[in-house]
Amino acid sequence: MPRNFDFAEAEARIYANWEASGYFQPEAAGEAAEPFVVSMPPPNVTGSLHIGHALFTALEDLMIRYERMRGKAALWLPGTDHAGIATQLQVEKQLRDEGTSREAVGYEEFLARTWQYKEEQGGTITRQLRRLGASCDWSRERFTLDDGLSTAVRQAFITLWEQGLIYRGPRLVNWSPGLQTAVSDLEVEMSEEEVTLYTFRYPLENGETLPVATTRPETILGDTALAVHPDDRRYQHLIGRQALVPILERRIPIIADDYVDRDFGSGALKVTPAHDFNDYELAQKHGLALINVLDKDASMNSQAGPYAGLDRYACRERLWRDMQAAGLTVKTEPYLTRIPRSQRGGEVVEPMMSEQWYVRIQPLAEKALAAVRAGQIKIVPQRFEKVYFHWLENIQDWCISRQLWWGHRIPAWYREKDGDPHGEIYVGWDAPRGDGWAMERDVLDTWFSSGLWPFSTLGWPRQTADLARFYPTQVMETGHDILFFWVARMIMMGLWFTDKPPFHTVYLHGLVRAEGGQKFSKTLGNAIDPLTVVDQRGADPLRFSLITSGTPGNDCNLDPTRLDHSFRFVNKVWQMTSFINMNLAGELKLGAPPRAELDLPSRWILSRAQRLIANAQYLFDIHQYGEAGGQILAFMWDEFAPFYLEISKHALYHGTEAQQEATRRVLVAVHDACLRLLHPFMPFVTEEAWRYIPHAGAALIVAEWPSAEAALIDDEAEAQMQLILELVREIRNARGEYKVDPSRRITALAKPSEAMLALAENTQILSRLCNVSHLSLLPADAGDPTNCASIVTGELSVFLPLEGLLDLEAECQRLRGERGKLKAQLERTQKMLDNENFVARAQPAVVQRERDRLRDQQAAMTQIAERLAALCH
RNA sequence: GGGCGAUUAGCUCAAUUGGCAGAGCAUCCGGUUUACACCUGGAAGGUUGUAAGUUCGAGUCUUACAUCGCCCA
């Protein structure tokens, strides 16, 4: 077995073997196996791996490998998303670099270019996922724009249309001037910024003026009313009168509505229905006119009169100057407000009137609410259910059309009627018969196709064998940041089209950030690039760090030193394997030997291993994977390796054949269980290590997940070993305090006692763990030996003859220190047990634990007191 | 304005039904003893944001407050 784990070589080889052996395919588990299906959140097809991808891959692969080992037909279905806006932007950038543009090359050519770009870039992300060890079924890989999924999208659209749940109409939308498309509410981020609040006098028809404030003076040109509060005494007389739009002098009504905040500014509000969502609602209510003053690129249109053609911000300045000249301005002041910005690109989005397609979402939302309320779908962590409910209860119709070229084209055709080019609309699979029909140019929001993902990837709307067997899926694992974008929409669409919840559990992970909560970014230089880590350290350390660094639903600041630690853990696993491997001899019977053949350390470690397995199972059941990983590491690194492996050397090197055999079997049994538990976290090193210990089965990836054996739980052995190991620590401490060279072997003396029996039979433990070569039992009637350091833990008490090293005064001081510590502990325990309420009301097991503790502490106290009396004054 | 989360060792994070607050890194003092220096023995470091409450017992449950972050309007 190689001295070190050559992860670079092994990872590539092992992954190829797994894939070639068909383990990634659910069929490997057999026809009868219960399915366990996870749909991979499809990364952008042209994307490149970042830490977020690495996190979801680590978590989903962990779940899939765990269930695969439990015998399920595990299917992790991978795929990529065409990512409308993101991809189109990249191709447009390419074209710009070539000195041309989307418009210049035209629709057909642009699409061809984008497909070409997809073909070139498309494999990147999936190749990178493989490097992380993702055990997904690549034979089932899908792409949101492939034929099957396009059919699903069209089916879904047509169905909703026929059910009257899709409509087209003029609405106020969030318009992205740079991208020249509508975006949905979710794609707009409100950013708190300091801007200028402009206050001016709105001229009224009667010559009066009314002070009004706005942060967007250019929208004055689109005002169609002034509004005041109906109960506002100051303005009663103005209600129903007219005002004059500054500069344009257009007449607009003064209306009353209790929406107006009397305490803001002057208490009067300008109303621009075509460029403000609240004003739009006011306009609907009061039947006000809508005047759009912006073009699609956010320059002013002809409605802006003398300002037509100016950019929105240039217009803002010019108009304000003109109003100043007209004596209408009052003041400008800094003002903190929320600016709507495009999630992609960050430009300021303008509310604008336009014709868009919408899904009437209410009926779908109701089903989605009911499914989670009824517990058909569980969200982990549960607190996100409240967020989910709140969003769905207040959901707005979903704007699904995008003025992009790259995407699922809306299957609608128009024909002119009565001068309206959109007078007739036809929705269907193919162009309608007859002349004059033109197909809709808009495409669908990317999330429309993503919403169908759990079932479209399995063949829907065709009733395929996969759909029958693997739908509904089980777990949806994804980031909490796309709960609304994606998860809620999948639930709505899944319930609507298949009448089944698309999954029974939603597991939400948090965002991974850098130290101090900063976002990872290339410009800040704080990015942890997953591929660099994999190149330098292998995939296992990255996966282990990501899984054990955080808890479900919580964001986490990833500490790079954790990667170092995980890397060392991989080495630790390898070295432990190496030790066991080099101490094997010939055929070995698998499994733990019968209890009668086991020594104390073996009974102890087998018992501890069962507790680990049971704990890990519990933690997996409640999705606490990080804690489970931590416990496996702690068991291996802090118990199995430093204690059992060390102690086992005695039996291996000096024991009888039978003792050697039994020890080997225990080593292998415990290590085997650890490797199995660890496999979902660190698939590569565990798979490779497993080959070097005796095992049954072709590969660890399909080995059975361990279950705790109650028969191996041994409370007595655990208690005895706990005492002995405590004694070991004490002896090590004493050696340290007396500066005894660690390599120097010393002897120990002990007075016989019941507790000493177990130790006397296991002196190899002291020999191996604290270099005590020999333990002599003193005659029962002998007094305390002189010139010795005394070590006391519970009922165990030993003496270390340290001739030449022992300083009486120092020893007394040490003993007094021990006594002081012990006294404090003893008092605490005594106080608890003196409390009648505690004894009466606490759980009996807790009380018993304290009683046992008291007994041990009292025993130790007695010994120390005796020793002090004998040695010191 | 409403909701959610966080606040624990210098830093990054844990802590299963309430039961002696733990890791990693960093710090200090030791050691290359035949699996591992990608190792190892030990030490130090905490009034768990503040103030009340419930309880025999609170990091954990309740209330209020503070600071930071996120979501929704």
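The views below show a predicted model.

**Figure 1. Domains of chain A.** The domain assignment divides out three segments of chain A: domain 1 (181–351), domain 2 (536–713) and domain 3 (745–871). The centres of domain 2 and domain 3, taken over C-alpha atoms, are separated by 32 Å. Ten residues from domain 2 and five residues from domain 3 form the contact.

**Figure 2. Area buried between domain 2 and domain 3.** Between domain 2 and domain 3, about 700 Å² is buried. Carbon and sulfur atoms give 71% of this area. On the side of domain 2, the most area is lost to domain 3 by Leu-600, Ile-647 and His-650, which together account for 55% of what that side buries.

**Figure 3. Helices on the side of domain 2 that touches domain 3.** Two or more residues are given to this side by each of helix H18 (600–621) and helix H19 (625–654). Of the elements there, H19 gives the most, with eight residues. By class, the side of domain 2 that touches domain 3 comprises six nonpolar, two polar and two charged residues.

Methods:
Residues numbered from 1 in each chain as written. Chains lettered and ligands numbered in written order. Predicted model: local features only at pLDDT ≥ 70, side-chain atom pairs only at ≥ 80, totals over all residues. Heavy atoms only, no water. Domains from an automatic or database assignment. Contact = heavy atoms within 4.5 Å. Buried area = accessible area lost by both parts, 1.4 Å probe. Helix = DSSP H or I, 4+ residues; strand = E, 2+ residues; numbered from the N terminus. Nonpolar A, V, L, I, M, F, W, Y, C, P; charged D, E, K, R; others polar.
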